[in-house]
Each structure stands twice: as C-alpha cells, then as structure tokens.
Amino acid sequence: MRKPRPNKAFLPPDDRIFPGKQRKTVPYAFVLDALADLPTETRIMFGCLAVYLGDKIVFILRDRPGSAADNGVWLATTEEHHESLAREFPSMRSIQLFGDKVTGWQVLPADAPDFEQAALHACELITARDPRIGKVPKSRQKSVAKTTAKTKRRS
C-alpha cells in the first residue's frame, strides 16, 4: 500500500520544509539592460546565460568562479569576422576553454580594463544588427532544414 502524500497546495509555504532552489544572479546584467529595447530571450546553457535575438544566439554571459579565465561576454561569431572584430575590441580573444582549436566563439574578458565599455559597444553592434555577431545554432539549423524539407514534400 502506498503512503499518502501531503497535498502541497494546503501546506504553509515554509522554506525549511520546501526549500526552493536558489537562482543565480544574472552575470553582467548591464548587458541585458543595454539590449532591453530588443526582443531578446535568455536561456541557461552550460551553467551560463545565453542571449538570443530571434533564432540567433548573440552572447553567452559567463561568470564561473571555478575557471575564471573565460569569464565575460562570449560573442557568437564566425572565424571570418575575427580580424575585423579584433580591431574594434582590442581585448577580445579566443576562449581558452576550447584549447587551441579555432571556433566562432570569442570572449570579451571580464578582467580586461575596458570590459564594460567593450561589452556595451558589442550591444550597440547587436542593436544595429551588425552581421558579424550572432549565428543560428547548429541544432536549430538542422531543425529548420527538416521543417523546410517536410513542407516542400507536402506541397
């Protein structure tokens, strides 16, 4: 015979009985404030906060105490834009977490002296819809392609 469960709807909300999961604070919240006029969406990704504009991921906000070297604002871009973005962001570099492999991700390091200024400039580029920042994640590209293929077959 099963044990009766308490009806949680009628129990008093007491943190000692039902402790809620502590939410992390938003790292570098000023970035989201700077993008407040845009229809952005945030999602938790790998313990960080991913920022999307439509179907494109534009930033990952990372503040992890365990490996602080890559903390900051990660820019979603492609290798072809690294050089032009580096001229605008002198402190921008590749993410060390990924080793020597060149990826589309670049970081504006939180420990750089111009971090806030650089992050706000990146927000200005996003607002201006600069094509160098932002990319559709691969999993979404595949699902969009499948949807398009299914639609074509039905036609």
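Buried residues have under 20% relative accessible area, exposed ones over 50%, and partly exposed ones lie in between (1.4 Å probe, protein chains only). Welcome to a predicted model, in which local features need pLDDT of at least 70, side-chain atom pairs count only at pLDDT 80 or more, and totals for chains, interfaces and linings use all residues. Residues are numbered from 1 along each chain as its sequence is written, and side-chain values use heavy atoms, leaving out hydrogens and water. Let's look at some charged pairs.

**Salt bridges overall**
- Side chains of opposite charge can pair when their charged atoms come close.
- A salt bridge here is a side-chain nitrogen of Lys or Arg within 4 Å of a carboxyl oxygen of Asp or Glu.
- Searching the whole structure turns up five salt bridges.

**Arg 93 and Asp 70**
- These two side chains form a salt bridge, at 3.1 Å from N to O.
- The pair links distant parts of the chain, 23 residues apart.
- Arg 93 is partly exposed at 22% relative accessibility, whereas Asp 70 is buried at 3%.

- Glu 88 and Arg 132 meet through their side chains in a salt bridge of 2.5 Å, N to O.
- Glu 88 is partly exposed, at 32% relative accessible area, while Arg 132 is buried, at 14%.
- Arg 132 has a salt bridge with Asp 130 too, with the closest N and O atoms 2.8 Å apart.
- Shared partners join Glu 88, Asp 130 and Arg 132 into one salt-bridge network.

Conventions
Helix = DSSP H or I, 4+ residues; strand = E, 2+ residues; numbered from the N terminus.
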